[in-house]
Amino acid sequence: MPARTVSVTMTVNGRVRTLEVQPHHTLLQCLREQLELTGTKECCSMGECGACTVIVDGRSVNSCLMLAAEADGCTVTTIEGLAQDGRLNALQESFLEAGAVQCGFCIPGMVMAAQDLLNHNPHPTVEQIKEGLAGNLCRCGGYARIIEAVHAASRGKME
Amino acid sequence: MSAEWIGKSPRRVGGFERVTGAQQFLADIRLDGTLSVRLVHVDCGHAKIIEVDTSEAAKVPGVHRVLTAADLPQPVPRFGPTFQDRPVIAVDEAKFFGEPVAAVAAETDDAAQEAAAQVRLRYEELRGVYTIDDALDSGAPLVQDPSLRPKDPLRNTNTLEELKFGWGDVEKAHADVVVEDTYTFPMVTHFAIEPYAFMAAPDGDGIRVWSPIQHPFILQRIIADVLELPLAKVRIFAPDPGGGFGGKGYPKFEPLLAFLALKTGRPVRLVLTLEESFQAGRRMANRVRVRSGFLRNGSIVFHDIMADCMIGAYVDIAARVVEKASYTACGPYRVPNARILSRALLSHTTPSTAFRGFGVPQMSWAVESQLDEAARKLGIDRVEIRLRNLPRKGEVFIPGDLPCDGNWDEALRKAAAAVDWGSPLARGRGRGIALGLKISATYAASYVVLRLHYDGSATLMTGTSDMGQGARTVFSQIVAHEMGIPLSQVAVVMGDTAVVPYDTSTSASRSTVIMGTAVFRACQELKAQIRRLAADTLSASENEVVVDRGVIHGPKGDLTFLAFLRDFLGSTRGELIAVGQEVKKKTWKHPLAGTTVFYELSCTAAEVEVDTGTGMILIHTFATVGDVGKALNPQHVEMQDGGAAVMGLGHTLMEHLILDASGRIRNLGALDYRIPTIKDLPLQMHSLAIENEDGPGPYGSKGTGEGGLLATSPAVGSAVQEATGVKIRDLPLTPERIWQGLQDHVRGR
């Protein structure tokens, strides 16, 4: 029997979206499949790798661990919501300038986790950056330059 | 004049897409009318399949097709890059945990998942071959059906191949000191953050297949073979891989998807979970016994190496991994007598495949550790013993192969300096240093097409895959530099076999050198065309025309590209097209079908601190130095080298796949299988290079990208030994192992 859907209204990257979601679908599935916001990536599906990180109501979450239905009434920012009119934000610029991007698959989640960190702590120490990004795996091993990128963005050097 | 681009670090081409989420990895591509595919496998490593009952699964609403071996041409086609031993889907037996016995295609992923759970499997679990000792047990079941290699005398064993390399005479060589030990290196998994994903769709009388594959032309050949289609009717789309590391080199489920697409007449799409990705490819596990002889002055007299290499249920590229790694098992040293015997052992486990370093880390863990043991016995410094045995540039050290092609002592000294080698150590600390050597491609065929457009911009078409190493950026730099056009006016097209010309593979750190040479040559060919064609306009002979960085110089005046193109192509417009190529044929006389194009040499040095209460290792300083010839993009070189180093710390400190008695992987997935996080970074990390412009690639470059992990384990292991007095021979160096070692050490065991 087809599952009954749930009606959800959320603000995604500044736009109010109302849609019917499957009760068992995650926010990640909803973003990728229904809203076609494929910038958010799926890897481990158990909240360990951070590839699916988005910001919900001002806090970074693993969108694979949150049901789409739970996002009803929430404000969601995904990687697609950072650049304005094709202009990268300071953190995105900083990632490119520092050479923090290799294959790029972890990068949307990494940038969102870093953005969340900077939103709450505009001038983090290296230890705080490490703590803030501890839940985001990068198998290309670009951590050193990722730290550099976040640090540079926090100093406002890249604007 | 345009900017010079070589040796500069412009931003990554494709970087903008990667920080905005616009980059389309395979799972982000949507085709209309696509069916979702899920796989069904048995819950053990080795089983006889008695019945696959798909009747309930077929009733799930939305299910379009449930495919088993019975639905395929008989006998079921087999494939593989070297041995055609892997069936498209399991036949009669499941030979590794995760091998699919059925595949479901449905309108939605939910329906496919539900139907996959409804497929009823009746199977009998069989005794499996899950360890090296199992494989060598004459009573063990045969992993491979002997009829697949009827003429092979080893067909009734689980030894796929026995390889022998060597020179001199180990038996007769006189040594003052002999050290002997056995080292193990476990199975580890690639863990690219992008799990494997595949799509296929019918295409008139042919097929289109999507895969984040590193070697699209090998996939094209294999699909053409299993479907009995001409190459021209098989179009491979290879979107940039989200991390490859060798794991995405060779076909896995693409043939299955191709059959499903043809059976259903629809596009089909399979995205593996991370757990399934673990089950799809891994690094081979080794047990290496080494007996080494030395003179009192530290000179190596001989290495006698016996390597047992546990490959998986199907060969994939593993035989080549065993072969290449064994061939260079003695490392970058002058070794007058060598005997290397390796066995590639089949097992009922995930097929082992290429993995960054291609078998070298497993060998260097053993052989480099032997040098340290000898140094200790002889009272020689560990840097010194290496310096004494390193060949000089131009010196032959593997008979019949390329002589030493770099100032390797420089790399060693630079790494030693980076960790203050020789300075007093704080309590509880130790240092280690080791070298790694890897051969690159021994044959190649790489072609490019370079098009100079009417407005002076250029499009390069190449079969290299950009999986993060930055090939697009570096090739763009070469074109911009040679043609004298802005980097922003170069486009690089990759990943479509119907559009880009042939390339053997993106592997062996070869692309900058081999494809880079093809790109460089295409630029020269384009300039030669321009010289020829511009001679008229400039009222000069061809010899008098010089094309340099975007300007065409004649005896009576100069022309810009743009002016020339407007004049020559005229109002009909058009373009100039050049082909570049780099081909190195196979030489059958050589054991590896050819000498290496260059050596990838790297030195790793570490200073560690060990917490004797917990066995935890803290890495204070960590340095890698690669001999890169010339860093065409220094930032990219550093990223690749540092990234490899972090990956090396993974297999050194924490990674290993653990099997249970039924051959199931117990630590499947991100929770139980740990890879380095940002918090595992060494406190200080130096990714360095030496550049003597002595490589065969453009501007004297050599390849890089793998070097950084070739010698991580022996360097860290040696540092731990200096810090604690405990020598560990089995990877990974987990806190438990070190703690246990410390307890044994204290008790004098």
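Me: In which strand of chain B is the place of B:Lys438?
Reply: The model is predicted, so keep that in mind throughout. B:Lys438 sits in strand β18 of chain B, residues 429–439.

Me: Which residues is B:Lys438 in contact with, leaving aside its neighbours within four places in sequence?
Reply: The list is B:Thr328, B:Gly357, B:Phe358, B:Val360, B:Glu600, B:Glu706, B:Gly707 and B:Leu710. Take B:Leu710 as a case. B:Lys438 and B:Leu710 are 272 residues apart in sequence, and their C-alpha atoms are 7.9 Å apart in space.

Me: Let me try B:Ser602. Where is B:Ser602 found?
Reply: Look in strand β26 of chain B, residues 599–610. B:Ser602 has 35 C-beta neighbours inside 10 Å and therefore counts as buried.

Me: What is B:Ser602 in contact with, beyond its neighbours within four places in sequence?
Reply: Its partners include B:Gly436, B:Thr624, B:Val625 and B:Gly626. B:Gly707, B:Gly708, B:Leu710 and B:Ala711 are also among them. Now try a pair with other values. B:Ser602 and B:Arg521 are 81 residues apart in sequence, with 29 Å between their C-alpha atoms.

Me: Step back to the whole chain. How many helices and strands are there in chain B?
Reply: Chain B has 17 helices and 28 strands. Its radius of gyration is 27 Å, close to the 27 Å that the globule rule gives for 749 residues, so chain B is as compact as a globular protein of that length. Its C-alpha atoms fill a box of roughly 90 × 70 × 50 Å along the principal axes. Of its 749 residues, 59% count as buried.

Me: What share of the contacts in chain B with a separation of 6 or more comes from residues 24 or more positions apart?
Reply: Such residues account for 80% of those contacts.

Me: Into which domains is chain B divided?
Reply: Read the ranges with care. Domain 1 of chain B is 34–126 + 196–271, domain 2 is 285–441 + 591–746, and domain 3 is 444–584. The C-alpha centres of domain 1 and domain 2 of chain B lie 36 Å apart. In their contact, 20 residues of domain 1 of chain B meet 20 residues of domain 2 of chain B. The domain 1 side has seven nonpolar, eight polar and five charged residues.

Me: How do I read a pair of packed helices?
Reply: Two numbers describe it: the angle between the axes and the distance between them. Take α10 (residues 382–389) and α11 (residues 408–418) of chain B, which pack at about 170° with their axes 10 Å apart. An angle over 145 degrees counts as roughly antiparallel. α10(B) and α11(B) are therefore roughly antiparallel to each other.

Me: Which residues meet between α10(B) and α11(B)?
Reply: α10(B) brings B:Val383, B:Arg386 and B:Leu387, while α11(B) brings B:Asp409, B:Leu412 and B:Ala416. By class, that contact has four nonpolar, no polar and two charged residues. An α-helix has 3.6 residues a turn, so residues three or four places apart point the same way.

Me: Now chain A. Which residues of α1(A) are buried?
Reply: They are A:Leu27, A:Leu28, A:Gln29, A:Cys30, A:Leu31 and A:Arg32. That is six of the eight residues of the helix, residues 27–34, so α1(A) is largely enclosed by the rest of the structure. Strand β2(A), residues 15–21, is included in what covers them. After α1(A) comes A:Glu36, with a positive phi near 55°.

Me: Into which domains is chain A divided?
Reply: Chain A has domain 1 (6–81) and domain 2 (90–154). Their C-alpha centres lie 21 Å apart. The contact takes 13 residues from domain 1 of chain A and 12 residues from domain 2 of chain A.

Me: Last, how many residues does each chain give to the contact of chain B with chain A?
Reply: The contact takes 40 residues from chain B and 40 residues from chain A. On the chain B side, α15(B) gives the largest share, seven residues. That side has 21 nonpolar, 13 polar and six charged residues.

Notes. Residues are numbered from 1 along each chain as its sequence is written. Chains are lettered from A and ligands numbered from 1 in the order in which they are written. This is a predicted model: local features need pLDDT of at least 70, side-chain atom pairs count only at pLDDT 80 or more; totals for chains, interfaces and linings use all residues. Two residues are in contact if their C-beta atoms, placed from the backbone, lie within 7 Å. Helices (H or I, at least four residues) and strands (E, at least two) are DSSP runs, numbered from the N terminus. Ala, Val, Leu, Ile, Met, Phe, Trp, Tyr, Cys and Pro count as nonpolar, Asp, Glu, Lys and Arg as charged, and the others, Gly among them, as polar. A residue is buried if 20 or more other C-beta atoms lie within 10 Å of its own, exposed if 12 or fewer, and partly exposed in between; C-beta atoms are placed from the backbone. The radius of gyration is taken over C-alpha atoms; the globule rule is 2.2 Å times the number of residues to the power 0.38. Domain bounds come from an automatic or database domain assignment. Axes are lines fitted to C-alpha atoms, for helices over the stretch in contact, and angles run from 0 to 180 degrees between N-to-C directions. Angles under 35 degrees count as roughly parallel, over 145 as roughly antiparallel, 65 to 115 as roughly perpendicular and the rest as oblique.
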